[in-house]
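Subject: Two-chain model, handover and notes

Hello,

Here is the structure for your files. My notes on it follow below.

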Amino acid sequence: MNPRERLAGLKRVFGKEDVRSLARRYFVANGFDGTLTSIGVVLGAYMGGNIDSGLAIIGIGLGAAIGLGTSGIWSVWEIERAETSRELLQLEAAMLTDLDDTQLTRDFRNEQIVLALAAATGPVIGIVVTLLPFLFEGMFLSLFQAVLLSIALGVLLLAGVGAYMGTISKQRWYVAAVRMGLAGLVVAVITVFLPG
Amino acid sequence: MARIRRVILDILKPHEPKIVPFTEQLSEPEDIQGVTSKLVDIEENVRRIRVTVEGEDIDMDTLEEQIMDLSGSIHSIDEVSCGERIVEDPWLVD
């Protein structure tokens, strides 16, 4: 399959509402994981006392991004592969025919790609956004200010996603935003009060 | 060889692709002038549809390949019209 056909296939499956809905779930669930992890990592690293530069925190955070991104892409790829294989076997049994190399199997593969990418980009975006203030540590911000800004960005990101989810589910967006954003504050408070 | 002008096929297909994109894609080749798909039966995993294809000179091999690529399986060829013009089934004409 050439790149143009692959792109057309990805565009076609992304047009399906069920694929978009599943991609949204993976993106939000893993993005939530990533953002909360990043808040915990940033605060934990800062309060550990041995970190004196923003770049060191960026290094730790990027390690978490690689871990969660890889986890998202790998686990969802395998989950979707198993699910689509099962579905394909059921269909082949119902149709009494081999469906290899048909539009259906190509769509299944493209769905796997879309969903795995959604699962990986969620946490990476969540972590990268919360790490951005540390790029300016030493220029415009002190390390403490960068930590505070990082937590604020994480909470805002969670609230933004909450508002979006509230809008698409026709609920009060600000309630959904507060509920999601609150999780970031809870992680921050727990990390601050951790023993040691 | 006489030109094939119309075929009516009984096809079994999964729910995906849906009947609209399925019919649209069948109508894309240049030798096809029009396609009509009619839902006959829905089961848990599959649907049976009756597809009527009309054209000036339908290439059956290409049509069958295209249906298979769309994950469809031809159960039977229910009607074929060949020649200079389409002769309607006299049993169906009032």
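Leaving aside neighbours within four places in sequence, B:Gln25 is in contact (heavy atoms within 4.5 Å) with A:Gln103, B:Gln66 and B:Leu70. B:Gln25 sits in helix α1 of chain B, and it is buried, with a relative accessible area of 18%. Buried here means under 20% relative accessible area, exposed over 50%, and partly exposed in between (1.4 Å probe, protein chains only). Helices (H or I, at least four residues) and strands (E, at least two) are DSSP runs, numbered from the N terminus.

Before the rest, the ground rules. This is a predicted model, in which local features need pLDDT of at least 70 and side-chain atom pairs count only at pLDDT 80 or more, while totals for chains, interfaces and linings use all residues. Residues are numbered from 1 along each chain as its sequence is written, chains are lettered from A and ligands numbered from 1 in the order in which they are written, and side-chain values use heavy atoms, with hydrogens and water left out.

Helix α2 of chain B

This helix covers residues 60-69, and its buried residues are B:Met60, B:Leu63, B:Gln66 and B:Ile67. These four lie on the same side of α2(B) because they cover an arc of only 125° around the axis, taken from the directions from the helix axis to the C-beta atoms. An α-helix has 3.6 residues a turn, so residues three or four places apart point the same way. B:Asp61, B:Glu65 and B:Met68, on the other side of α2(B), are exposed. The cover over the buried residues includes β1 (4-14), α1 (19-26), β3 (46-54) and β4 (73-82) of chain B.

At the N-terminal end, α2(B) is capped by B:Asp59, with a side-chain oxygen 3.1 Å from the backbone nitrogen of B:Asp61. After the helix comes B:Ser71, which has a positive phi, near 75°.

The interface

How much area is buried between chain B and chain A? About 990 Å², with carbon and sulfur atoms giving 56%; buried area is the accessible area (1.4 Å probe) that two parts lose on being put together, summed over both. In chain B, the residues losing the most area to chain A are B:Asn45, B:Asp69 and B:Ser71, together 41% of what that side buries. The contact takes 14 residues from chain B and 12 from chain A.

There are 2 salt bridges between the chains, a salt bridge being a side-chain nitrogen of Lys or Arg within 4 Å of a carboxyl oxygen of Asp or Glu. A:Lys16 and B:Glu16 meet in a salt bridge at 3.8 Å, N to O. On the side of chain B that touches chain A, β1 and α2 of chain B each supply at least two residues, and β1(B) gives the largest share, 3 residues.

B:Ile8 is in strand β1 of chain B and is buried, at 12% relative accessible area. Beyond its neighbours within four places in sequence, B:Ile8 is in contact with B:Arg50, B:Val51, B:Thr52, B:Ser76, B:Ile77, B:Asp78 and B:Glu79.

A:Gly154 is in helix α5 (residues 143-168) of chain A and is buried, with a relative accessible area of 0%. With neighbours within four places in sequence left aside, A:Gly154 is in contact with A:Thr35, A:Ile39 and A:Thr130.

Regards

Conventions. Polar contact = N/O pair within 3.5 Å; in protein donor to acceptor, adjacent residues only side chain to side chain.
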